Structures are given as C-alpha cells and as structure tokens.
Amino acid sequence: MGGRILELRVHGVSNTPPAETLGLRAEPGGEPPQPRLVAGGPVTGFYRSATAAPLDPIVVEAYSWGRLTSGARTARDVERALWTLLLPFTLANVALHARPGIPPDPTTERLASRSGMTAWLVRLFCLTLTGTPVLALTGVGVDLIGWQCVNETCLGRIPGPWEFLASPWWREGGRALAVGLTVPLALIGVLGIVAWRTYQYEAVMPADPTTDPPGHRTPAPVDADLPTAQPVQEPPPVPEPPPGPLANPLQEPTFWWGEGQLRRAAVLHLCTATVVAAAVPLGTIAVLDPPHGPRAVLTWSAIAAIAAVLMITMVAIARPVLTRRDGATPLGPWSITVIVLTGVGLAGTVTLLMLPDGAGGTPLAELRPPVGCADDPTLPGCLADRSLPGFDRIIAGLGTGQLLLLMAIGATARSGRRGAATPAVAALLIAAGAAWCAGWLPAVPPAPLEMWQLALPLLALAAIGLLLPRTRPTAARQPLEPHTDLAWRGRAPAVIAGFGWLLCLAYSTGLLYWVADRLNGAATPSGRSLVVPPTPVTWAGLSFGIALLLLALAAGRAAVLFRRLRREEYAELRARSGPLSAHELRRARDVSTHQALHRLVGEHALRLTGWYAGAMAVLAALSCVAVLSPAHPQATAPGGTAALVKAVADTGDALLGWLPVGIAAVGLLVYRTDTIRRSVGVVWDVGTFWPRAAHPLAPPSYAERAVPELLTRTAGLLALTEHDPRRMDGIILSGHSQGTVICTAVILQLPHRWRRRIWFFSYGCQLTRLYGRIFPAYFGPDRLPVLAEALARPSGGTGWTNFWRDTDPLGWPVTAGERDIAVTDPEALHPSDGEVADPPIRSHSGYPEAVEFQRERSRVAWLLRPAVPSPRRRLG
C-alpha cells in the first residue's frame, strides 16, 4: 500500500462548522454526525470524521479558525462586536500593507524609498487617527462640560456627580477644565486595556515561529484516531526557513510574530493621545491667561515636554527600532523616555489648571457662558457663542492636515518622492497662510484674505501629486491577466486609509453632537442652546448627508451594471444551450443572476469604489474649506434654502450620533448570524488578517494565531519519522476563499524540503482579482509566481490546482498554478439521473463535492504517494 495522504481543509470567512467543512451529512431524521477533535482546542482546532478509519489512504481533516473572529453566542461575541468600533484603526492598518513596491526583505527598506516614505506617512496618519476620537472626547469633557456647562441644570444631565463644578471655587480659573480632562484620559485608559487584552488574545499560542529554544524539541502532534499503543519517536526540532534572499514579504520569518513591535507602537500612540488631550486646555490657558513668573516656568516646561513627545514620536515611527517585527518585548529607552515626558507634560498641565487666575489676563470666568441663561436668556452674554476659544480651529486644522496626509500617501504610493512634493508644498503654504491670517508674522502687512479662501487653491495644488504619472517597477512584470492591474491606479493606501478617516470623523462628530444635544435638553425660552457644539460638527452633518446621497448614486450605478450584465449572461446562456423549455429558461435566469454578480465583483467593484472615493475626496476638500470658515451651513444658504440646509445638517448630525451604535449592532450580527457574516464579515476578516504593523490599537490579527498553528500542524506531520503510524507522505492544503490566503502564508513560511510534499488546492480564490490588485507587494503579478516556485515539483510542474466557477462572486482563475479547473455550476438546468429536484447553484460553496474536485484529488493523491519499488526477480 502507498503512503497516507492528508487533505487539510481551511474554511473561509463564514465560520463554516467542521462537520460541514468535512462534508458530513446527517441521515434523514437524524442528528448530524459530530467530528472528532484531533489537535488544538475549542477555539481553533483540527477535526476529523468520527467514522474515519485509522489507516485510510486519504484522510480529510478540517482546520476551524472561525471562532477567532466569531463565536457561539457567548459574552465574548459582544466584546468582539465592540471591536467593530475600532474599524477606522483597522482600515488605517490595512493601508500599510496595500503599498506597492514593498521590498521582499523588510530589513532592506529605506526611508527615502517609495515604500519607506509611504510607510512613514501611513504611520504618521495612524497617529493622527488615534488623536481624532481623543480630541472629540476632549471636546466633550473640556469644552462642553468643563467650559460651557456652568449651572446645575446642565451638569445634572450628565451621568455621575458632576454638579460640584457649578460651585464658585470650581468655576474659577481652569479647574473645571482639569476635571473635564478626565473624560479623554478615560478613553485612553480603555484603549490601553483593550490593547493589553488583544495581546493576550494573540498570545494564546506563544512561540517563536523561527526556531525552538535550545535543548527543546517540538512534541509530535497527537491524533485521536490512531492507536496510542504504538511507540512514539520524538521528531527533530522544527528547522528555520532556508537561508537566501527573500522573494516575498510573507516569507519573512517574523512576519506573524510582532508582539515587540506592538508594545513599542502602543506606547507611542497612547502617549501621543495623552499629550493631545492635555494640549487643548494647556494652550487655551496659555493664550487667554499669559503666564508670568513661576507660572511661566510651569507652563513652558509642560509645553516643552509635550512638544518633545510629539517630536520623538514622529522620528521613532520611521526608525527600525519601532518598525521591525521582531525584537524583545521590553519597551526600551525610547518608550521609557516618551512615558516620562508624557507624565511631566500631563502633571504640569493639571497643576497649571488647578491654579487660580494669573494677573496677566482677563479672568477666565468672564469668558465662559454666564450662569442663569436657562432661566433668563436676556442676561448679558447669553446670546453669544461662548464655546472654548480656539477649539474650532484645532478641529479644522486637524482635519485639513489629515486630508493633506492622505493626499501625500496616495501621491507617494503612486509616484514616489516626486508625488509627495506638491502635498508638502501645499502643507507649508497652508501653515504660513494660517500664521499670516492670524497676524503671527512680524513685519508683514495684514492678510487681505481669510484662511478658508486660501485653502481651496492650496488643496487643489496638493491634489496635483495624485495625478502625476505612476512610477514603473524596475523588475520585469509578469503578463497581466484581465482585471488584475493595480487597484485605483496605485493609490490603494490612500483610498483605504481615507475610508477609515471618514468613518473616524463620523464617529467623533456624531459623539459631539449627541452629547451636546443631551446637555441642552429642552429648548430655552429664547431658543438658544445652553451648550454649542463646535462649528465643524454642523458642517459634518451636512457632509454626511451628501455622502449618503453619493453612496446611493454609486449603488444605483451598480444596480444598472448588474442588470446589464445579467441580460448579457442570459442571452449568452440561451445561445450556448440551444432550445430551452420554460422550466430551463427560468433556471437560466437564476444562473445568469449569479454569473452577473461574479462579473460585477470581479470586473467593476473596485472601479465603482474608486469613483466613490474620488467623489468623497472632493467632498472632503470642500468640507475642509467650509470648516476653516467661521460660518454655519445655514448662514451660507440664501433665503428659504437656509431652513432646508439646516434640516439636512441636523438630520445628518442625528444620524451620525447613532452611527457607532449601528456599527456595533452590525458587528454583533456579523459575529452571530451567518447570513450577514457572509456579506459583511468579508470586509472585517480581510482587514483583521493583516498584522498590526501600522496601528497597534486596531483589533487583533487572527492570522497571527491561525498561520503559526497551521504551520506547526503541517510541519509536525511531515517531520514524523518514516515508521511513525501518524506519518503523512503528502498533504493537500485545501483552502476555500479566505482560507486560500491563509494557506498561501503557510506555504511561504514552510522550508523547502517540506514543500515538496505539499499540494495546494485553492477554490473560491481571490488572490488575483482582489488581493493581487489591492496588495500587490504580496499577491501581485510579480509576487504571486513566488508561490508557484515554492510549490515546484522535482519532476516538473507546480503543486497548485485552482478551482473556480463563473457563478462564484469571489472565485476566479489564477493562472499562476499548474491547473485552473472550471467547475460546472449548476450541473444541469433540470433534474437528471433519477433526481426530482433541480441541481443546486452552489456559487461560493460546496467545491469539494464537485466531480472535478474529486477527480483532481485522486490524481494529486497518486502523485504525492511515494514510489513503491517492484520486487526483485530471482535469477535462475
């Protein structure tokens, strides 16, 4: 008998149960058979059929990883659903991996290169993204509560004992601002706890994937379906990957081992968020009450500490000490320095806020809203906007800076350093223009224009970098198949990060509007609100309404394309099949619907997304110009349209307030409902596949556990001695949908001598149309052949077979492997072979049940079995 062959199946994003992955079917009226756990645990495990014989020539095993991202209706699902609120951080982290031109060996990347400069800009953008919700909570605590809430009526609407802030002692100076500062600090504390818990999430399998510790040998995997009385021989230790130049970043041994990098980056993000929160009240006090004497020493010491934290962080995110994946877990001198400086800056800020008013400025109590406006709106100052001075400009400046960063990211990723030139020049001119308009430039006449009038042409100048010709790679490119070029013409990092930015702004502005609305309660007799949200919040509501309209237009365009494609497929199907009965025509319409969806996703989805991203970029630029002006949306509309604009803005703000709740609810349904998970969860699983190399506060990467476990299982079975009864002579890594991406990462981490006994089955595969276009440095036309070379057979050919269907919206040909097999779906348009029901349209599921799959598996199993020498003949 030949050797045993293992087909190791890895499911996709829908958390397919192990029994379904193994193809187990229940008898009529009976319970479905339960597979046996042969390795792993209840969260991630390897399962085999309970009825499988110990020495079957082909053994089918299922690896279940779905509970890393979805569970079984437990309290953990609620916790994971709250991770969806971190989706902006996830998208910003994915942007780092979407860079074109990432070198195969990350240690050779230089800051001056296109990929190195783009990586630095992405990490800098991630820092600003962390500061965005923190700044919003600072607005809630410092502006709305600490500054504008001056009476017990307003403070009583806040959960908790906040009424003490209405006393005269707390209204003096900036003491109420010190109390309000606890709100953003609480958020930073929560983010720190979440980061620590996610480290534990990924550390369930704590192991260095490159080698075993000295003197330690990897234990052999235990299979529950084999006799335990057989002698077990200890296998050799897991060897390191073969030396030599890397050809794909996924071959880097420490790619899935980044705990040290995560801890270093988390310190920088949390400390930066802390100093951003402290800088708002510190800057307000320093400007409104110029310090003198000892107050000046305290103020400038705190400012110097905050500035030092920001400068060190900007330098550190470009240094190998942070960006390398490997490294010891201890924080190191950089992190300790940043922590100490953050503590100094925060302590100095709180101390300054608790001091009484100085002698150099107007008492702060006179600049705050007067007490009693809720009862008597005719009091002096009640009708004036008494929000925290300068906070509107801080929000507007942050949003404009982030838009310029996104333009720089897209331009650099597309055109290299020359692309970053125009955004850099525009940023310098905007900074100089802001100083000019504020009168901060000595010996310069007053500006004849306002800042918002300068912003539009300067943003247009920055956008020129996005239109420069794309940098061509120096290496020869593989022939491109249709619809496999770069997504969004090389601007994928900016597009992905931009959607995360817009979602983060929606969260933040919605929170500010919701808190302000709650604090205002019932309307005052004059109709004026007790607290006024920042002006950018009202513009955000109007922009959100326009964004929803643009999304509806994009959806309408997709619907029109879908109907056209369905008509084309239906006509082609009728022409190819000849005369059809009425029943077959009805079935043909169903088939053409799936085929049209297959073409819509593969040929048009990314282009439609790019059009919407372009429209949103224009809207974002116009919104930045609007928020730089002091006007409200309704004030810019003529006549009766002001009421309409105000209604749209208020409606948008109200929807923004419920957006985080809606996202969390969808996240909970994604984790607990398979139907929604198959349609929405694909975005989540694609995002959380990548390690957190850019944003350490994003949700954890399930691949940092799934890939090492699969690697350990595969290597362990192949490394067994020849006489071990658990030995497998060959393994078919069978990946479905997202499982193909996981299997690709495993194969590229395997040493060469084990790859010879591996065959790769991919089905429902997105390696070309989606992953190859969005992540070209890993799966593009230059890098995907590396996987084919890794699976090269000693006798010639490639150990890779890809299956696809023209009814599968997520499965396409690959052409990089040995064979691309088109699976017929459905098998016929009418019942056949004695059946009374129509053959099902399986679309994205059921590949192992296809005849083509079974035939190919038998052929590959024969190829993987070792040759058995024929017996010698006796002479004479």
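Leaving aside neighbours within four places in sequence, which residues is Phe-775 in contact with? They are Val-94, His-97, Ala-98, Val-686, Trp-690 and Gly-780, where contact means heavy atoms within 4.5 Å. This is a predicted model, in which local features need pLDDT of at least 70 and side-chain atom pairs count only at pLDDT 80 or more, while totals for chains, interfaces and linings use all residues. Residues are numbered from 1 along each chain as its sequence is written, and side-chain values use heavy atoms, with hydrogens and water left out.

**Nonpolar cores**
- The largest nonpolar core has 156 residues, and Phe-775 and Phe-779 have the most contacts inside it.
- Helix α4 (residues 114–148) gives the most to this core, with 13 residues; helices here are DSSP runs of H or I with at least four residues, strands are E runs of at least two, and both are numbered from the N terminus.
- A second, separate core of 23 residues includes Leu-137 and Val-515.
- A nonpolar core is a set of buried Ala, Val, Leu, Ile, Met, Phe, Trp, Tyr and Cys residues joined through side-chain atoms within 4.5 Å.
- Buried means under 20% relative accessible area, exposed over 50%, and partly exposed in between (1.4 Å probe, protein chains only).

**Salt bridges**
- The count comes to 23 salt bridges, each a side-chain nitrogen of Lys or Arg within 4 Å of a carboxyl oxygen of Asp or Glu.
- Glu-61 and Arg-48 form one at 2.5 Å, N to O, and both residues are buried.
- Arg-859 pairs with Glu-856 at 2.8 Å between the closest N and O atoms; Arg-859 is partly exposed at 28%, whereas Glu-856 is buried at 2%.
- Arg-564, Glu-568, Glu-569, Arg-599 and Glu-603 are linked in a network of salt bridges.
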